[in-house]
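Here is a short briefing to read alongside the coordinates. Please keep the viewer open as you go through the points.

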Amino acid sequence: MSGRVDSEAPAAISRPDGVEASGPQNDTGAAPRTVTEEPTEEPTEDPLAAAADADADADGDGDGDLQDPAEVARRARWTAGGAGALLALAGLAASLLRLTGAAPAPVGAAYAAGAAVCALASLLGFRGRTRRALWLMIAGVMVMALGDQFD
C-alpha cells in the first residue's frame, strides 16, 4: 500500500469475468458496474520466437541462421570448382580465337596461360582448397587481362 487514497484498483475493473463488483465503491454514489468486455486470450507462444520462425521461413530454408558446415563446405567446393572451370573454358576459347585471328602470338599465349591457371584453380576448388582456388582464379583472369592489353 502506498498510502494514496486511489492506490487500489476498483473492484469493477479488476474482475474480467462479468460479475458485479462487491465491496466498497467510489464515493460518487453510482450504481455498481459490470464488465462487458470479454477477457483477452493470453498468447500461447513467445512473440520473439514467432518472429524468428517467420524470419526463418521467409528465406525458404526454415532453419534460421544455423546451417550444416558440411553443406556450406560442399557448396563452396562446387562454386570454386565450377567458376574455375568456366573461366578456364572462356580463356581457352579466347586463346583459340586470338591465335586463329590477326592478333599477335603473345595475346593467345596469355589467354592460354590464364586458362591453365584457372583450370588449376578449378581442380583445387573441387578438392576443397577454395581459398587458394579463389586466388588462382584472380591471378588467371589478371594474366588474361594483361594479355588482352597486348592486342
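Two salt bridges are counted here, where a salt bridge is a side-chain nitrogen of Lys or Arg within 4 Å of a carboxyl oxygen of Asp or Glu. This is a predicted model, in which local features need pLDDT of at least 70 and side-chain atom pairs count only at pLDDT 80 or more, while totals for chains, interfaces and linings use all residues. Residues are numbered from 1 along each chain as its sequence is written, and side-chain values use heavy atoms, with hydrogens and water left out.

- E71 pairs with R74, and their closest N and O atoms are 2.4 Å apart.
- Both residues sit in helix α3, three residues apart, or about one turn of the helix; helices are DSSP runs (H or I, at least four residues), numbered from the N terminus.
- E71 is partly exposed at 31% relative accessible area, and R74 is also partly exposed, at 40% (buried means under 20%, exposed over 50%, partly exposed in between, with a 1.4 Å probe and protein chains only).

- R98 forms a salt bridge with D148, with 3.4 Å between the closest N and O atoms.
- Because R98 lies in helix α3 and D148 in helix α5, this pair ties together parts that are 50 residues apart in sequence.
- R98 is partly exposed, with a relative accessible area of 25%, and D148 is partly exposed as well, at 31%.

**Helix α4 and its buried side**

- Helix α4 has 22 residues and reaches 32 Å from its first C-alpha to its last, close to the expected 32 Å at 1.5 Å a residue (the expected span is 1.5 Å times one less than the number of residues).
- The buried residues of α4 are V107, G108, A110, Y111, G114, A115, C118, A121, S122 and G125.
- They cover an arc of only 155° around the axis, so they lie on the same side of α4; the arc is that of the directions from the helix axis to the C-beta atoms.
- The cover over these buried residues includes α3 (69-100) and α5 (130-149).
- Just after α4, G128 takes a positive phi of about 100°.

**A closer look at S122**

- S122 is found in helix α4, which spans residues 105-126.
- With 7% relative accessibility, S122 counts as buried.
- Leaving aside residues up to four places away in sequence, S122 touches A80, G81, G84 and A85, where contact means heavy atoms within 4.5 Å.

Definitions and conventions:
Helices (H or I, at least four residues) and strands (E, at least two) are DSSP runs, numbered from the N terminus.
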